[in-house]
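Please walk through this protein from its overall fold to its aromatic pairs.

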Amino acid sequence: MPRPSRGGSGKRIFDLAVQRSEETFPQVGFAVTVRSFTFAPLAFVALFAAFSASPAWAAGELPSASASAGSAPAGPLPELPHLAPIAYPEPDAASLKELDRLLDALAGDDDRSRSNARTMIADVSPNLVPAIRQRIQDIRGTLDRDTAPRVLEDARKAGRDALKKKGGEEPKKKPKKSDKAADKKNQEDVDDGDWLDFVLAKPKPKSDSWRDLVKLLAMERMLGAIATTPAIREMIQMHAYFGDLLRIDLQRQVGKLKDKAVPALIEARQHDAKIVQKWASRQLDLLGRAIPGEAVSTNDMQVLADVLRAYGRTRDVDAARVILSFANSERIQLREAAREAIAAIGEPGVWQLRDVYLNLTGNKAPRDWSWDRIAREIFAAYDRARLAEVGKLMEDGVAAAQAGKLADAVGLFDKVLARAPLFERRKEMVKTYIARAKELPRDKNEEALAMMRKALRLDPKSPEAPKLEAEIAYLEGVLLLDQGTPDKLLFKKALELDPTHERARIALASLEDRVAPKKDSSQRYIVAGSIFLAALIAMILLFRKKPTSKAPPAPPARTESPVAKS
């Protein structure tokens, strides 16, 4: 008999009920029986009542998918980390004094002091960033906005002329009127030479505008030399403070920084000033880092972590998938940065989180789960997968240690600690590190010392910690002894920490026996003094002043005798 037609919602509900019965009761042929009915109102009502009682059916989802996704694994979910806000610490007096001394020398009268200060700009400390920010604010309030551009333009023109004369270039032909605007822009962007050097080449120490301009350009280069994300934030802020006065120079300095400038530029795309937003977007495009996939293409782990946090601070939903790809990184620095960024993006990234959860588990996240619940479930799944691999390495290491393969065991434990420094079973590694250190030969005492120190860090509160410290002191003493600079205090320290340490006792006794029959050095000093005294006497005898020889006495004058007179 032909099956009666069912239309509308009744048909959809009946077909879905039959489909679920096929999945639920295939072993008894229940679905076949239902399909064979010409009209089965009782079966339909029973099935409809059973499925409508399910929360997943009421939510419009298949019960199996919802139940599978909603069955969270045992154990607490990890808490979402908090992305710290950007901090602007106050400068300390010492930093302000150091910065003022350098800036005053640059803007002073003495040419030599200016030259020395110019070379010191590249060696400033990151601790000067708050002081630089303070001095930039001071100049922002005192700078003559009319005079400073003229001073800078005169210095740039003189500097370009000097470069042309030095390079022997012929002056360019006068451009046409239609090309003047483009030529001016190209000249600005391709301006050779350093603006600070141009300004210093035409010193005007009596001009406040010249002094302020020198200080601004110098601080801009200090921030570029520091090259951290907080420093580059201050560089970008200078564009908001001084506009086109420093725009071109800032663009050139940022271009030199390359990937290091990317995190601050990403944040600047949401700057309060529209001009800075457009400028930052243009710089990212010039650097080839305009999209998230390009921005994370760097080998500098600190820069990469700052990029991830920058996307979090700007709540860039388009970057959520890229950020999530680092949420399971083996590097804890990147893993924490990615999770902080996801927590900062929050609700706008819920659909990206749902997609990642589906790809990760094969099930859809329940509709009643909020974005933070999905994020925590994803992070928990990542941690379980990562720790499962770490657990496998740990088991392999324990097996190698039990088999006496201490070198292999130590290598596996090193991999565990590299991936999970706070692994909960790390205390089990201590005995293996100690045993491996003790079996190393004397020519590998440095390696043995490193293993002993690692064993102490793994369990610093262990009852055996004093013995470990004693062994460390002993090995340090042995190393100094091998280098020819023995130190008895280290062996004494080892015996104080562990009175049963026989090797330290033997080493100390040997060292005391070696020191006891030490030759008396007084005889050497006497011999050396005698030689010196003999040499001194010889020098006196050789170089003493010879006595002047006296002239022989003149013969007596001849006198005539009286006989001769007569």
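The protein has 30 helices and zero strands, taken as DSSP runs numbered from the N terminus (helices H or I, at least four residues; strands E, at least two). The model is predicted, so local features need pLDDT of at least 70 and side-chain atom pairs count only at pLDDT 80 or more, while totals for chains, interfaces and linings use all residues. Residues are numbered from 1 along each chain as its sequence is written, and side-chain values use heavy atoms, leaving out hydrogens and water.

Of the 566 residues in the protein, 39% are buried, where buried means under 20% relative accessible area, exposed over 50% and partly exposed in between (1.4 Å probe, protein chains only). Among contacts (heavy atoms within 4.5 Å) between residues at least 6 apart in sequence, 65% join residues at least 24 apart.

The structure contains four aromatic pairs. Rings of Phe, Tyr and Trp (its six-membered ring) pair if their centres lie within 6.5 Å; planes under 30 degrees apart count as stacked, over 60 as edge-to-face and the rest as tilted. One of the pairs joins Y241 and F242: the ring centres are 6.2 Å apart and the planes stand at 90 degrees, so this pair is edge-to-face. Y241 is buried at 15% relative accessible area, and F242 is buried at 5%.

Y357 and W369 also form an edge-to-face pair, because their ring centres are 5.6 Å apart and their planes are at 80 degrees. This pair links distant parts of the chain, twelve residues apart: Y357 belongs to helix 21 (residues 350–361), and W369 to the loop between helix 21 and helix 22 (371–402). Y357 is buried, with a relative accessible area of 5%, and W369 is buried at 8%.
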